[in-house]
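Hi,

Here is the structure I promised to pass on.

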Amino acid sequence: MKRKRRILAVCSGGGHWVQMKRLGKAFDGCHVAYATVLPADTSGLNDAALFAIPDANRETKFRLCVLILRLIWVIAVVRPDVIISTGAAAGYLSIRIGKFLGARTLFVDSIANAEELSMSAKLAKGHADETLSQWESVAESKGVSYWGAVV
């Protein structure tokens, strides 16, 4: 019997989490685990594992270090075949760590970035197997792919 593909979906909170949850149907038939800052809404996750990660950004250096250590631990526990992120710092860092450990990686930039890529998408672009914009014009001008919008 073929093993189910393991997906780790990583993102920051707020809109990043909302968009990640909307991608959930695309993960049907896979073993899915989520890693995010404490989400307000966990409905629809079914039996997926949920890992809490600290919220951090470039202004909070110590918390970034804690986030990196937590992501290394989550990735080691889940052992994902694929890491998917909808962004911010946690997403970019998970792409870098996961790629180093042999996972395939996909970064989906936020729909809120209608004119340019977010900072995390710009950083992920050079490391992810695929980086997507949800705006066709942004994808064309920034050299990333467009597969449609999540919303």
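Below are my notes on its pockets and on one residue.

This is a predicted model, in which local features need pLDDT of at least 70, side-chain atom pairs count only at pLDDT 80 or more, and totals for chains, interfaces and linings use all residues. Residues are numbered from 1 along each chain as its sequence is written, and side-chain values use heavy atoms, with hydrogens and water left out.

The largest pocket has a volume of about 400 Å³. Here a pocket is an open set of points on a 1 Å grid over the protein atoms alone, where a 1.4 Å probe fits, with protein on both sides within 12 Å along at least five of seven lines; lining residues have an atom within 4 Å of a point. The volume is the space filled by probe spheres set on the points. Of its 17 lining residues, G24, D28, G44, L45 and N46 are the closest to the centre. Strand β2 (residues 31-36) contributes the most to this lining, with three residues; strands are DSSP runs of E, at least two residues long, and helices are runs of H or I, at least four.

The second largest pocket comes to about 320 Å³. It has 13 lining residues, and those closest to its centre are R58, A89, M119, S120 and L123. Two or more residues each come from α3 (89-100) and α4 (119-125).

Finally, T131 sits in strand β6 (residues 130-132). T131 counts as buried because its relative accessibility is 5%, buried being under 20% with a 1.4 Å probe and protein chains only.

Best wishes

Terms used: Buried means under 20% relative accessible area, exposed over 50%, partly exposed in between (1.4 Å probe, protein chains only).
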